[in-house]
Amino acid sequence: MSIADTSIAATAAALSSVAAWGAWKASREANVTASSVAQIERDRWHKELTPQLRIKLETGARHTLYVRFDAPAALGDLTVELTIRDDIDRSGFPHLAGGPTPEQRAEVIWGPYRFNPRVQDVDELGRAVSAFTLQPGDRQRLVVEPSMRPSWYDDANGEQRWRDEYRTETIRLWALCTASGHKPWRLSFGVPQDGSWAVGGT
């Protein structure tokens with residue numbers, strides 16, 4: 001084989017390699033694009049199926065939270081886990097000499113109500129209630145009670161000061177919702193104390 005033939009063969013091989021690499025890159029980019037489009041579609045579908053929950057407070061001799069699952073019916077059985085949120089995150093607050101420790105602050109529900117820890121599989125602090133299942137159109141009743149004042153509100157007016165702080169504040173909640181075949185949804189609620197329904201958001 002002459003030098004010219006060798007050069008031509010080498011050039012052809014190089015061009016073939018470049019073409020193969022280009023085809024591989026194009027295929028890879030097409031796969032990435034297809035995966036991205038599929039993920040966008042899955043996310044859109046997941047958002048469209050977000051459970052429509054409503055929660056309201058009914059006060060009286062026995063304070064009750066009503067949780068209603070309105071739609072979409074396509075989800076079938078919906079499992080709901082409710083957790084009471086604090087008014088603000090205090091985990092990063094500095095510890096001042098003579099003041100409450102981070103552990104003491106964490107033991108307080110900083111809001112107007114807690115779940116009644118003596119009923120319905122509620123944790124001992126009253127922050128979370130065990131998961132329950134709803135079908136579209138169903139509702140669940142949960143007993144709540146006024147939150148406990150912190151131990152360091154120990155002066156003569158401590159109880160009243162605590163009640164005054166949260167007299168008109170909303171009950172802040174997380175609702176973790178799960179349905180078979182779907183990723184979970186985490187919805188936030190601010191339930192007013194006037195008896196009106198609160199609708200959750202993502």
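Biologist: Which residue stands opposite Ile 171 in S8?

Modeller: Val 191 of S8 stands opposite Ile 171. This is a predicted model, in which local features need pLDDT of at least 70 and side-chain atom pairs count only at pLDDT 80 or more, whereas totals for chains, interfaces and linings use all residues. Residues are numbered from 1 along each chain as its sequence is written, and side-chain values use heavy atoms, with hydrogens and water left out.

Biologist: How many bridges join S7 to S8?

Modeller: Strands are DSSP runs of E with at least two residues, helices are runs of H or I with at least four, and both are numbered from the N terminus; two strands pair if DSSP finds at least two bridges between them. Strand S7 (residues 171-178) and S8 run antiparallel and are joined by seven bridges. Seven bridges also link S1 and S2, again in the antiparallel sense, with Tyr 66 in S2 as the bridge partner of Lys 56.

Biologist: Which side chains of strand S8 are buried?

Modeller: In a regular strand the side chains alternate between the two faces of the sheet. Along S8 (residues 185-191), Trp 185, Leu 187, Phe 189 and Val 191 point to one face and are buried (under 20% relative accessible area, with exposed over 50% and partly exposed in between, for a 1.4 Å probe and protein chains only).

Biologist: Which residues have the most contacts inside the largest nonpolar core?

Modeller: In soluble globular proteins, nonpolar side chains tend to be buried together. A nonpolar core is a set of buried Ala, Val, Leu, Ile, Met, Phe, Trp, Tyr and Cys residues joined through side-chain atoms within 4.5 Å. The largest one has 31 residues, and Leu 65, Leu 82 and Phe 115 have the most contacts inside it. A second, separate core of five residues includes Val 108, Trp 110, Tyr 153 and Trp 162.
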